[in-house]
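Good morning, colleagues. Please take a moment with the sequence and the structure before I turn to selected details.

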Amino acid sequence: MITINNLTKRYGTFLANDGVNLEVKPGEVSILLGPNGAGKSTLIKCIAGLLKHQGEILICGQKNKSILAKQYLGYIPEMPALYDMLTIWEHMEFIGRAYKLKDWESRANQLFERLELDDKKNKLGSELSKGMQQKVSLCCGLLPNPKVLLFDEPLVGLDPHAIKELKNLIIEYRNEGTAILLSTHMLDSVAEFWDSTNIMMQGKIVAYRTRAEIESTGENLEELFFSITEKSKNPTDSKEAGVNA
Amino acid sequence: MRGLIYLLLTIMKNRLLSLKKKPAILVIYILCALSIIGMLIASTFMPADTTTLPNLADIRILYGVVAGIGLIFGYTFVNTGLSTGGTLFTMSDVSLLFVSPVSPIRILIYGLIKQLGTTFLTSIFILFQYVNLKKSFNISGTGMLFIFFIYGIMIFFGQLLSIAVYVYTNGNSKKKTIIRSIVYLIFIGIAFFVYQNYRLNGDILESLLDTADSKLFQMVPLAGWAAMFIKAYIEKDLLFLIIGLGLFILASILIILMITAGEADYYEDVLLSTEINYNKLQAAKEGKITKTKKKIKLRKNELGIQKGNGANVLFYKHLLEAKRSSRLIFVDSYTIMVTLGAGALSYFVNTDFVGYIILGTLVYILFFFTIMGKLTIELTKPFIYMIPDKSIKKLLAASLTNIIKPYIDGLIIFGVVGLITGTSPLLNIFFALAYGSSAMLFISFTILSQRFLGGQLNKVVLFMFGMGLLMLIISPGIIASIVAVSLLPESFLFLGTLPYTLWCLFISGVAFLICGNLLDQTELSDKPI
């Protein structure tokens, strides 16, 4: 699971994340919603241990930069970052060896089949389109079978088949008890599988809802999102909308 | 047209204003401008040194250099035209201007004006050759401006030429063959002319210079016209000065007419090269090393990383990547080029200290290669941070190929130098060790700067700051070696570089110890230092 206590991240004088508290339980898909520049990607990178920050981040009870936490973590970045000189199958081998995984080949084969990459094993990273690279990036993140998964805008650039497969994979991982945090702009794309949602504005989580809450009150998530993000200049409006920060 | 003028002026204004936010770049520009102005002023007030005139070099060498540059430009630009074509535009021009209701001819004029500005800026470095040209050929300040002018014209014309070649040959292999044949014929003709001269005077250098100086060569487009222009300036021959320039202007007008002929649909012709330029620029902005479009051949017996577990898989991955760049893994085109250069230097420079001169020069070059090495590239991707292993192990594994290669390069380079100079093998082995250990120091410097400055600093600032800091770090080792060389008896002179080597290793060890936890303390940045 993911536990974040009072996370603050600054770039120089710019406050990218401001006192964020968040928890994602095992078997939960939590969504980070927010407009551009709200701090979603920064938050995900902080959790992945890629950025320096203030505050505490725990992955399954371990500090996020510890070796143990890294074993539990899977991160799929917004922009795929592949090695130009490695084939996509060698990317799998690289992850398999780096994470000391047993029987990574069969698992990599399954992922490649599901994402329709099995006929491109010997293609170099640099030879692929952006969408294909994104699929390889997904395979890299999923191969170690992580207990915590971080997705940063994972659906951007994917073809319809890959989107369908990714949604299925997310649901499967959730059912296996993985804690999943996913950032997106597209509310519709996550409608089928989200369990909780965190709406971010100006580096803060300004509203939190569970699916049960939304369903029991009849509140509309899209309307809630716009009521917060479009009235962000007036903080009292956000409070009226149910601010949870 | 008003919109295009607005665009040109606004781009210029914003580029200047952006310097306010980039003080380091501004300082560099000011320094460049001051040194050029200083040189030109000094040349104006410098009395003509007639006493040295007899020592001046043969002026035909200058024509030969201009001709040589012209031939290289001509060949390169025609080749670009045969593959991707040239462009005067950026991607923003493509997406905003090409779809706008502005005449394509006006857009072409806008592109030409913009290109002229860029050409002027990129040619400025030629002015720094002033001291050499003054010393060798007694070229005045005005003469320097003429050379600068013709250099800019050559680049500008070359761009136009590559567009013209692309427009003419695009998708037509017959036409491509025709252009290739013309280029080959020109080169064969020049080679034949040189050979004829050689048969007459028996001196290859004389033959080359005679060729560059001949009227026949001056008929060759681009290279010959440029040589004609410079020769006419030197000989105060106004007619040929005008003819030389006139040929460039006439040919440019013909090319523009050809591009804009009919419905002036040149958009498609420049699109590919604009996209390629854009990608190169993006890669450069992100600090990525842009490689040529050389296709990587995957050999079946070289598939897979094969070895490694945990952090050390980074090393085996780098080995595989090196194998794909060069069959000999650590010995690549850089090794060969540098060895040839060092070999030539040791052959022509006849001094006892040639080994030290080579070592110093190569260490300087090595700094830039190491600082953009595997570790730096690795730090721009998330994998190295995410691998569940100790930071120091990952750092060492990611640096190991960059540590090993300079030692191998050093042994090859100084092996050749030793053979040519006939110096003792021990001396050259210690030179090689000093060279390899310098790479260790530079790697540790990369780690130190990442640890304490992060990876988001301006690259220019960091290079400047880095060079200063590096000199500070490296100087005790250099001083110790100078002292050692002056104190050691001749039979132990081979140990002269040892203090420097040990110092480099000591500093590297300290840096790894202090910054071993770098990956837990630094931040992922898309832009390497």
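This is a predicted model: local features need pLDDT of at least 70, side-chain atom pairs count only at pLDDT 80 or more; totals for chains, interfaces and linings use all residues.

**Helix 4 of chain A and other local features**

I begin with helix 4 of chain A, which spans residues 104-114 and has Ala108(A), Leu111(A), Phe112(A) and Arg114(A) as its buried residues. Viewed down the axis of helix 4 of chain A, these buried residues fall within an arc of 165°, so they line one face of the helix.

An α-helix has 3.6 residues a turn, so residues three or four places apart point the same way.

What do the buried residues of helix 4 of chain A pack against? Their partners are helix 3 (88-98), helix 5 (130-142) and helix 6 (160-175) of chain A. On the face turned away from the buried side, helix 4 of chain A carries the exposed residues Ser106(A) and Glu113(A). Just after this helix, Glu116(A) takes a positive phi of about 55°.

As to annotation, UniProt, in an unreviewed entry, places the feature "domain: ABC transporter" at residues 2-227 of chain A. That span is 35% helix and 27% strand, and its end C-alpha atoms lie 28 Å apart.

I turn next to backbone angles. Most residues other than glycine have a negative phi. Asn6(A) is found in strand 1 of chain A, residues 2-11. Is Asn6(A) buried or exposed? Asn6(A) is exposed, because 11 other C-beta atoms lie within 10 Å, and the cut-off for exposure is 12 or fewer.

In chain B, Gln306(B) has a positive phi near 75°. Gln306(B) lies in the loop between helix 12 (267-285) and helix 13 of chain B. With 12 other C-beta atoms within 10 Å, Gln306(B) is exposed.

Next, a helix pair. Helix 7 (residues 141-169) and helix 8 (residues 173-201) of chain B pack at an angle of about 140°, their axes being 8 Å apart. Helix 7 of chain B is therefore oblique to helix 8 of chain B. In this pairing, Val165(B), Tyr168(B) and Thr169(B) of helix 7 meet Lys175(B), Lys176(B) and Ile179(B) of helix 8. The residues of this contact divide into three nonpolar, one polar and two charged.

Finally, the contact between the chains takes 23 residues from chain B and 26 residues from chain A. On the side of chain B that touches chain A, the largest share, four residues, comes from helix 13 of chain B. The residues of that side comprise 11 nonpolar, four polar and eight charged.

Key:
Residues are numbered from 1 along each chain as its sequence is written. Chains are lettered from A and ligands numbered from 1 in the order in which they are written. Two residues are in contact if their C-beta atoms, placed from the backbone, lie within 7 Å. Helices (H or I, at least four residues) and strands (E, at least two) are DSSP runs, numbered from the N terminus. Ala, Val, Leu, Ile, Met, Phe, Trp, Tyr, Cys and Pro count as nonpolar, Asp, Glu, Lys and Arg as charged, and the others, Gly among them, as polar. Axes are lines fitted to C-alpha atoms, for helices over the stretch in contact, and angles run from 0 to 180 degrees between N-to-C directions. Angles under 35 degrees count as roughly parallel, over 145 as roughly antiparallel, 65 to 115 as roughly perpendicular and the rest as oblique. UniProt positions are given in the numbering used here, feature names are shortened, and annotations may be inferred rather than shown by experiment. A residue is buried if 20 or more other C-beta atoms lie within 10 Å of its own, exposed if 12 or fewer, and partly exposed in between; C-beta atoms are placed from the backbone. The arc is that of the directions from the helix axis to the C-beta atoms.
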